[in-house]
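This report describes a structure through its contacts, its core, its ligand shell and one of its helices. The sequence and structure come first.

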Amino acid sequence: MSERVPAAVAVVSSIIIVAYACATAPTTTTNPAPTRPGAGQRVPLTDSARRVRDSLNSARRDSASAMILRSIAGRETQPAESVFKNIKMFKGVPAGRLVNIMNMGFGRSLGVSCGFCHVPGKWDLDDKEEKKTARLMFEMVGTINRDYMSKVPNDRGAAPVVNCFTCHRGNAHPIGPEGQGPPPGMRPPGAPPGSGSGED
Ligand code: HEC
Ligand code: HEC
């Protein structure tokens, strides 16, 4: 019985590799073209494939962040807009902190690497839809916290806040197969199967 274990491990690992490859492969012309980049990532992942993807993305983010931090060495505490070229939302935030927000706040919350929102190296460009959506999301989070969460009674001292992770939980798409979605039976009334849990 026990000699079967390595074979089982090998099968599982190849499934992980295939699942990971499918989730990250550039879309080929034989597939119906996704309407925008990122749409091709809507592949249900196993827990292990997700872990592989997350650790690769985390390593990529750490190395990009380290590279940027080296390039701005000595200016980390200066306001982001005086160090970087195209700062709209993080005016006044120390430049070094912006890099950490990119890594741990945005990247980790969405389970993606920097390339999801940027053409790596051309960090100031607004050419990716995902970067523009991130700005919209940031505004949305600001509104939720300022206009709603601040009024929620709580007994924990500081007002509760919503952030990117609250909804995304490591998924670029909190809704649909990639994300967990609400558990079965927790869908909004009338929502079709498939609109909630990834288990549908
Ligand atoms: C979810 C989308 C998203 C991800 C992921 C992301 N960024 Fe950003 N990034 C943005 C947005 C939006 C801005 C613009 C911020 C502003 O307007 O103040 C930005 C701005 C920047 C800037 C400033 C560029 C300039 O000159 O104006 C740098 C540098 C940067 N990001 C690096 C990174 C790095 C490194 C990573 C990965 C660790 C990363 N980003 C991941 C959305 C993202
Ligand atoms: C209230 C819940 C919620 C919060 C908070 C939230 N998001 Fe989202 N986000 C969503 C939903 C829902 C979608 C659309 C999901 C989909 O495409 O499956 C989305 C989509 C996105 C997308 C587009 C993905 C794509 O492929 O185009 C980006 C980028 C994004 N969010 C970034 C962020 C960032 C950055 C934050 C924090 C500043 C954030 N979100 C906070 C719910 C949220």
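## Contacts of Met102

Beyond its neighbours within four places in sequence, Met102 is in contact with Ser65, Gly107 and Cys114. Contact means that the C-beta atoms of two residues, placed from the backbone, lie within 7 Å.

This is a predicted model, in which local features need pLDDT of at least 70, side-chain atom pairs count only at pLDDT 80 or more, and totals for chains, interfaces and linings use all residues. Residues are numbered from 1 along each chain as its sequence is written, while chains are lettered from A and ligands numbered from 1 in the order in which they are written.

## Nonpolar core

Met102 also belongs to the largest nonpolar core, a set of 12 residues that includes Ala64, Ile68, Phe106 and Cys117. Such a core consists of buried Ala, Val, Leu, Ile, Met, Phe, Trp, Tyr and Cys residues joined through C-beta atoms within 7 Å. Buried means that 20 or more other C-beta atoms lie within 10 Å of the residue's own, with C-beta atoms placed from the backbone.

Two or more core residues come from each of α2 (47–71) and α4 (95–110); helices are DSSP runs of H or I with at least four residues, numbered from the N terminus. The largest contribution, 6 residues, is from α4.

## Shell around ligand 1

Among the 28 residues around ligand 1, those that come nearest are Phe84, Met102, Cys114, Cys117 and Asp124. A residue counts as near if its C-beta atom, placed from the backbone, lies within 6 Å of the molecule. Helices α2, α4 and α5 (129–148) each give two or more residues to this shell, with the largest share, 6 residues, from α4.

## Helix α5
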